[in-house]
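Me: I would like to learn how to read a few features in a structure. Can we go through them one at a time?

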Amino acid sequence: MLAAKADFPLLGTTMRGRSLVYLDSAATTQKPRAVIEALTRAYECGNANVHRGAYELSERATALYEETRERVARFVGAGDPREIVFTRNATEAINLVARSWALATLKQGDELIVSEIEHHSNLVPWQEVARITGARLSHLELRPDGTLDLGAMTSRTKLVAVTGASNVLGTIVPVRRLVGMAHAVGALVLVDGAQMVPQMPVNVTELGCDFLAFSSHKMLGPTGVGVLWARRELLEAMEPIVFGGGMIREVWRGGSSFGEVPWRFEAGTSSYAEVVAFGEALRYLGTIGMAAVREHEKTVAGYALGRLLDDGRFELYGPLDPEIRAGVVSFNFGAIHPHDVATILDGEGIAVRAGHHCCMPLMRKLGVAATVRASVYVYNGQEDIDRLLSAFGQVERIFGKQRRGACRTDLSSGLAPGSIEVAGQGR
Ligand SMILES: Cc1ncc(COP(=O)(O)O)c(C=O)c1O
């Protein structure tokens with residue numbers, strides 16, 4: 001493993017009487033002691049409201065909060081810390097772009113492109129934008145090999161909102177190519193970086209994208225902190241969507257003027273302690289190095305894929321090429337429901353996710369109701385994958401022997417034509 005398990009207090013505990021094997025980092029990562037201590041320190045030694053007080057404690061808190069903004073900017077290669085907006089999570093960051101930029105920009109006849117592998121957080125906000133503005137929502141299609149067909153864009157295309165890495169298939173999307181295609185027709189690109197930013201080096205200047213959203217809690221940081229990075233001129237042109245304290249320049253009885261970016265998007269009391277502890281998580285990751293994190297994810301996920309494939313009883317989803325795959329392995333085991341699999345694994349002290357992973361249209365495309373998902377991070381090693389595989393002995397003791405030969409990576413067999421058309425559905 002890349003980071004010492006001993007750095008993560010929770011990884012030293014037992015679940016159901018067995019030492020915990022945590023394989024659900026795509027949902028949220030565990031926190032190193034350094035981050036937990038930074039959070040405690042913020043409350044014990046530095047607690048005050050930021051941007052408010054004229055006393056030393058508040059000034060210190062404000063300085064730490066703004067230093068973290070600078071650290072976040074450096075982490076994603078942004079030239080200007082004022083391009084960093086703190087939100088509650090990636091979902092809120094995407095919604096900020098949808099409610100502010102997209103509602104003010106899109107109109108009937110425009111096209112908004114997402115993909116078939118999007119998390120609901122990068123799909124439902126765009127369905128709403130399409131419903132309200134009359135813009136058409138199109139989907140980049142998933143190919144049988146687990147990659148995306150980048151399709152075609154036209155002068156009507158105004159925004160491409162796509163994940164950098166799939167939370168189900170692990171597919172790493174060629175963002176730079178998509179940006180080239182989108183910019184060629186005058187469209188902007190939003191990258192949902194919730195899985196990408198924690199797992200690989202990301203530099204917004206090199207990627208060339210226009211918006212990037214991600215969450216602290218998926219990269220060793222606390223919950224309650226997300227980030228929207230956007231090009232400065234886009235942020236300057238965007239209206240705030242949450243109004244109140246901290247975001248104004250001047251308020252009169254009948255109206256208000258708003259402050260500068262990014263603060264005009266951060267109304268109300270900020271999650272100061274969590275933001276500062278997020279800075280500690282970035283420091284921890286920076287010490288490891290994001291290139292090393294990516295290599296590690298490739299190695300451990302590649303090992304898991306190899307073992308599951310060799311075993312032959314598993315149905316696997318997503319690309320087999322580790323070069324285009326993040327540290328996420330989704331699978332099914334015979335005809336056994338993923339929830340049953342996850343419950344039995346839980347009995348062995350192994351935490352995996354089972355369900356639709358907030359990707360219901362993708363599940364329909366795969367022709368399954370759910371999958372089991374094992375996702376790894378810096379504290380996982382091959383021994384965790386070995387524990388996972390050996391626990392399937394217990395699954396078979398309960399459910400009976402599963403036949404060999406069910407393994408497939410082809411994603412197309414479950415596809416019912418039109419079954420994933422989502423625009424306008426469900427309302
Ligand atoms: C690809 C992707 N996008 C967006 C999100 C939403 O992240 P959050 O719940 O932190 O807002 C997730 C969370 O699992 C995700 O995996």
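Me: Which residues are buried in helix 11?

Reply: One point before that: this is a predicted model. Burial is read from relative accessible area, and under 20% counts as buried. In helix 11, residues 338-347, the buried ones are Pro338, Val341, Ala342, Ile344 and Leu345.

Me: Why do they line one face of the helix?

Reply: Look down the axis of helix 11. The buried residues fall within an arc of 165°, so they line one face.

Me: What covers the buried residues of helix 11?

Reply: Strands and helices both take part. The cover includes strand 14 (328-333), strand 15 (350-351), strand 16 and strand 17 (371-375). Helix 13 (382-390) and helix 14 (392-399) are also included.

Me: Which residue other than glycine has a positive phi near 75°?

Reply: Leucine 220. Find it in the loop between strand 9 (211-215) and strand 10 (226-230).

Me: Is leucine 220 buried or exposed?

Reply: Buried. Its relative accessibility is 0%, so leucine 220 counts as buried.

Me: Where is cysteine 358, and what is its phi?

Reply: Cysteine 358 sits in the loop between strand 16 (353-355) and helix 12 (360-366). Its phi is positive, about 60°, although cysteine 358 is not a glycine.

Me: Why does cysteine 358 count as it does on accessibility?

Reply: The partly exposed class runs between the buried cut-off of 20% and the exposed cut-off of 50%. Cysteine 358 has 24% relative accessibility, so it counts as partly exposed.

Me: On to the peptide bonds. Which is the bond from valine 261 to proline 262, cis or trans?

Reply: Read omega. From valine 261 to proline 262, omega is near 0° and the bond is cis. Proline 262 has its place in the loop between strand 12 (256-258) and helix 9 (272-288).

Me: Now the rings. How many aromatic pairs does the structure hold?

Reply: It holds 11. To read a pair, take the distance between ring centres and the angle between planes; over 60 degrees is edge-to-face. Take tyrosine 377 and tyrosine 379: their centres are 6.1 Å apart and their planes lie at 75°, so this pair is edge-to-face.

Me: Are those two, tyrosine 377 and tyrosine 379, buried or exposed?

Reply: Both tyrosine 377 and tyrosine 379 are buried.

Conventions:
Residues numbered from 1 in each chain as written. Predicted model: local features only at pLDDT ≥ 70, side-chain atom pairs only at ≥ 80, totals over all residues. Heavy atoms only, no water. Helix = DSSP H or I, 4+ residues; strand = E, 2+ residues; numbered from the N terminus. Buried < 20%, exposed > 50% of the residue type's maximum accessible area, 1.4 Å probe, protein only. Phe/Tyr/Trp six-rings, centres within 6.5 Å; stacked < 30°, edge-to-face > 60°. Arc of directions from axis to C-beta. Contact = heavy atoms within 4.5 Å.
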